[in-house]
Amino acid sequence: MKTPFDQFRDLANELTKELSKEMKKYQDKEAPRSSGEAELNRHIRGAEKEALSVERLVERQKTLLDELATKRDDAKQMADKRYEQTELAKKAGEEKLAERAALESKHYGEQYRYFEGLIDEGTRELDALERRALEMRLKLDEMQNKRYEFAMRQNMDLLKGALDQIFGADTSKSHPFTEEEEKKESTPEESIDSADEDDFEAKLKELERRFKQD
């Protein structure tokens, strides 16, 4: 017959397997980007449900351990009490009373050892459950963080689509009115103005040279 902790372990294993399946389904699935976020959200909801179930198991395990600790302490207290009463009954010559007290002392002693064993087993199982709960939470965080990736990619798709409509399909081509092309397409008047400016500067320098010589 399975103990409550065996049942907890089996259920935790099943929940962990379900979460792993959800993760693997999503990781193996090459969904189109347009439907990828919806698919991810579906897997996240399933993973959140499984993670919540494991967290509840952890809390239930802690409650059971507290209850078992109380039963263990009560059993020890009764075993010690009946043992003392057994000794008193023997001294008083009450053999039947001593026999009954001794029987109960043994019974409660066995109960104490039984509960102590369950607590040791339950504590180990609780540690394992808490590790699984942490692993599931971390995996869930990874899946939730994927939402940012989808939002970024979706935004980039929208941006590229808008640019394609404005500049055409190939947005890598330079704009027809770039600064370099404007320089290449300078008018003849601009070239003449530039030459006049150079001649003007030359004449000023020549005047400066003559005044220095005088």
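Read along the sequence, this chain follows the pattern α-α-α-α-α. The model is a predicted one, and the chain has 5 helices and 0 strands. Of its 214 residues, 23% count as buried. The accessible surface of the chain comes to about 16200 Å², and 51% of that area belongs to carbon and sulfur atoms. Among contacts between residues at least 6 apart in sequence, 80% join residues at least 24 apart.

Helix H3 spans residues 95–167. A UniProt annotation from an unreviewed entry, "coiled-coil region", covers residues 119–146. In the model, the chain over residues 119–146 is 100% helix and 0% strand, with the end C-alpha atoms 40 Å apart.

The charged side chains may be considered next. Side chains of opposite charge can pair when their charged atoms come close. The structure holds 8 salt bridges. One of the pairs consists of Lys 62 and Glu 130, whose closest N and O atoms are 3.7 Å apart. This pair links distant parts of the chain: Lys 62 belongs to helix H2 (residues 33–92) and Glu 130 to helix H3, 68 residues apart. Lys 62 counts as partly exposed because its relative accessibility is 33%; Glu 130 is likewise partly exposed, with a relative accessible area of 32%. Glu 59 also takes part here, as Glu 59, Lys 62 and Glu 130 are linked in a network of salt bridges.

Arg 72 is buried, because its relative accessible area is 19% and the cut-off for buried is under 20%. Asp 73, at 41% relative accessibility, counts as partly exposed.

The surface also carries a nonpolar patch, formed by Met 152, Met 156 and Leu 159. Together these residues have about 290 Å² of accessible area. Met 152 is placed in helix H3. With a relative accessibility of 52%, Met 152 counts as exposed, since exposed means over 50%.

How values were computed:
Residues numbered from 1 in each chain as written. Predicted model: local features only at pLDDT ≥ 70, side-chain atom pairs only at ≥ 80, totals over all residues. Heavy atoms only, no water. Patch = residues over 30% accessible without salt bridge, like charges linked within 9 Å, V, L, I, M, F, W, Y side chains within 5 Å. Areas by Shrake-Rupley, 256 points an atom, 1.4 Å probe, with all protein chains shown as cover. Salt bridge = Lys/Arg side-chain N within 4 Å of Asp/Glu carboxyl O. Helix = DSSP H or I, 4+ residues; strand = E, 2+ residues; numbered from the N terminus. Buried < 20%, exposed > 50% of the residue type's maximum accessible area, 1.4 Å probe, protein only. Contact = heavy atoms within 4.5 Å. UniProt positions renumbered as here; feature names shortened; annotations may be inferred.
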